[in-house]
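Please read them with the structure open.

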Amino acid sequence: MDVNQIQELIRLVSKSKIAEFILKEGDFKIIIRNQLPGAEQSSSPSASVVAFPPPVVTIPGAAPTLPPPAPAAPPAPAPSAAPASASEAPPPEAAPAGNWLTIKSPMVGTFYRTPGPDKPPFVKVGDTVDVGTKVCIIEAMKLFNEIESEVKGKIAKVLVEDASPVEYDQPLFLVEPL
Amino acid sequence: MFKKILIANRGEIALRIIRTCKEMGIKTVAIYSTADRDSLHVRFADEAVCIGPPPSAESYLNIPRIMAAVEITNADAVHPGYGFLAENATFAEVCGEYGIKFIGPTPEQIRRMGDKITAKETMLAAGVPCVPGSEGLVPDAKAGKALAKEIGYPVMLKATAGGGGKGMRIVWSESEFDNHWETARREAQAAFGNDGIYLEKFIEEPRHIEIQVAGDQYGKACHLSERDCSIQRRHQKLVEESPSPFMTPELREKMGAAAVKACHAINYEGVGTIEFLVDKYRNFYFMEMNTRIQVEHTVTEEVIDFDLIKEQIKIAAGVPISGRNYFPEMHAIECRINAEDPFNDFRPSPGRITTFHSPKGHGVRVDTHVYSGYTIPPYYDSMIAKLIVRARTRDEAIKKMERALDEFIVEGVKTTVPFHQRLMQNENFRKGNFHTGFLNIWDFKNA
């Protein structure tokens with residue numbers, strides 16, 4: 001599946017009345033969800049594209065082991081700008097509404113959902129966050145930085161997989177304002 | 001050889017480096033600020049990491065952010081380009097600490113040649129001729145006057161912490177000395193917080209002629225001849241060419257030998273440039289050393305047919321050089337095309353380029369990162385393209401440059417193309433009669 005085919009797929013799905021489209025081809029899987037007309041906000045259908053990153057490769061003996069970076073976004077933009085990696089989504093939830101807020105990464109590094117390997121995540125979908133609530137850790141050069149939310153609301157979506165690399169301004173969480 | 005190089009830069013040089021890496025089979029990582037999302041270097045790199053907002057301090061000059069990008073992409077080397085962190089010894093040091101190869105000289109070499117006074121001391125010790133002047137700072141006006149008498153007027157007072165022309169005064173005779181001494185010190189204190197002044201002979205009608213050098217990790221060094229960069233406006237180069245119209249084979253040999261001696265004196269690793277001032281008697285004096293690849297490296301590439309970025313990467317990877325010197329076989333001229341309005345004091349002209357048509361054809365090279373529809377961000381420098389022509393003779397090169405400039409269409413922003421067109425027609429330029437004061441004398445608007 002190459003970039004042109006993916007683009008064509010997105011175009012077709014977004015034009016259709018399909019709510020969710022899943023395609024699996026060997027190691028590759030793509031899920032395209034459509035916001036159908038009649039849903040809450042935006043008048044133009046927007047498709048959110050979710051593509052799974054390649055499997056994590058661990059090199060024995062190399063310390064620290066970092067996951068390979070998510071594939072770079074293809075040069076021609078998809079209809080809606082989507083992050084290159086995404087979380088395992090539970091059964092189809094409401095499509096992103098127009099007034100949702102985004103928590104973006106303030107730095108470059110590796111994103112961690114939990115404060116430690118055996119600890120529970122800082123936040124889950126459905127949790128309420130306030131200004132200052134710790135939502136994740138981003139690690140760079142062995143320094144762990146706790147990232148605080150700058151918005152108030154309910155976590156609607158986690159956009160990045162645990163232990164993935166993130167860049168500056170990359171959307172991390174979608175927050176539904178209360 | 002390196003597997004993956006992160007380019008810690010932007011614009012045309014980032015693209016330039018990516019091109020060579022591709023040819024060498026090396027993967028590339030581009031870094032960019034949010035203002036550069038649509039930049040060509042981001043598009044053409046294998047991977048790209050957004051590292052910060054537009055201000056350079058939070059992006060291209062930000063060492064932690066850049067190192068974080070190196071970390072998440074597993075790059076094994078960093079190419080700093082020119083400007084930004086290219087001559088930042090701390091950055092070179094941090095790379096070393098992280099086991100990442102900094103493609104350039106060692107931190108010590110950067111430091112030594114970065115400080116004007118230690119650079120000069122190093123060169124004097126190596127037997128490279130320097131501009132006669134004070135050894136270090138001048139303690140007071142009395143000592144200054146005694147030294148000036150010995151060297152001979154005119155002399156120049158320069159701030160040791162200075163740059164960009166601040167804290168500099170030309171003293172034409174002893175009677176003016178005390179006056180200029182006072183104002184130079186006050187200006188230096190105000191501008192740099194350091195009123196230290198050193199003194200040098202003022203070279204009259206100097207030409208800026210620099211020698212491209214290369215040194216490997218095993219102590220070998222060589223030179224690739226000169227570039228004449230005398231056409232400058234406020235100490236910024238606008239046009240460069242090789243060979244210099246003022247050069248003779250004898251002078252080239254002497255300057256080349258001095259440049260190689262300079263490299264040996266510090267065991268220089270990488271490519272670099274030794275800048276000299278040449279007076280009308282063809283005496284040459286060391287001015288400074290640039291321990292990086294330069295904007296105008298392209299001119300040397302056109303006349304000596306080496307990919308200097310490739311040589312840089314090879315040297316960093318431990319490949320030895322032959323030690324042979326190289327001499328120009330053709331003539332090349334480069335015009336820096338800036339997004340500036342030459343008719344309004346070269347005021348910067350950022351904005352959206354609606355049409356960009358660059359010249360092509362035999363002997364024409366354009367290094368650029370812009371394209372039709374590209375918006376020039378206001379946060380960085382104004383150079384949008386380098387137009388380089390190459391021909392068998394200087395006359396033919398000038399004709400080719402004229403032809404190429406006529407084909408250069410840029411709409412939406414103002415550029416310095418009209419300035420270069422007039423320069424190519426100027427009698428003195430055509431004859432090779434110019435020095436660094438040329439643009440102070442020539443009123444191009446009424447040319």
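1. Chain B splits into domain 1 (4-103), domain 2 (132-201) and domain 3 (207-446); such bounds come from an automatic or database domain assignment. The C-alpha centres of domain 1 of chain B and domain 2 of chain B are 39 Å apart.

2. On conventions, this is a predicted model, in which local features need pLDDT of at least 70 and side-chain atom pairs count only at pLDDT 80 or more, while totals for chains, interfaces and linings use all residues. Residues are numbered from 1 along each chain as its sequence is written, and chains are lettered from A and ligands numbered from 1 in the order in which they are written.

3. Helix α1 (residues 11-23) of chain B packs on helix α11 (residues 308-316) of chain B at an angle of about 65°, their axes being 9 Å apart. α1(B) is therefore roughly perpendicular to α11(B) (65 to 115 degrees counts as such). Axes are lines fitted to C-alpha atoms, for helices over the stretch in contact, and angles run from 0 to 180 degrees between N-to-C directions. Helices (H or I, at least four residues) and strands (E, at least two) are DSSP runs, numbered from the N terminus.

4. In this pair, B:Arg16, B:Ile17 and B:Thr20 of α1(B) meet B:Ile309, B:Lys310 and B:Ile313 of α11(B) (contact: C-beta atoms, placed from the backbone, within 7 Å). These residues comprise 3 nonpolar, 1 polar and 2 charged. Ala, Val, Leu, Ile, Met, Phe, Trp, Tyr, Cys and Pro count as nonpolar, Asp, Glu, Lys and Arg as charged, and the others, Gly among them, as polar.

5. Helix α7 (residues 141-151) of chain B and helix α8 (residues 174-192) of chain B pack at about 140°, with axes 10 Å apart. α7(B) is thus oblique to α8(B): the oblique class is what remains after under 35 degrees (roughly parallel), over 145 (roughly antiparallel) and the perpendicular range. B:Ala141, B:Gly144, B:Lys145 and B:Ala148 of α7(B) make the contact with B:Glu174, B:Phe177, B:Asp178 and B:Trp181 of α8(B). By class there are 4 nonpolar, 1 polar and 3 charged residues.

6. Which residues of helix α5 (residues 107-114) of chain B are buried? They are B:Gln109, B:Ile110, B:Arg112 and B:Met113 (buried: 20 or more other C-beta atoms within 10 Å of the residue's own). Their cover includes α4 (89-97), α6 (116-126), α9 (249-266) and β15 (284-290) of chain B.

Terms used:
Contact = placed C-beta atoms within 7 Å. Buried ≥ 20, exposed ≤ 12 C-beta atoms within 10 Å, placed from the backbone.
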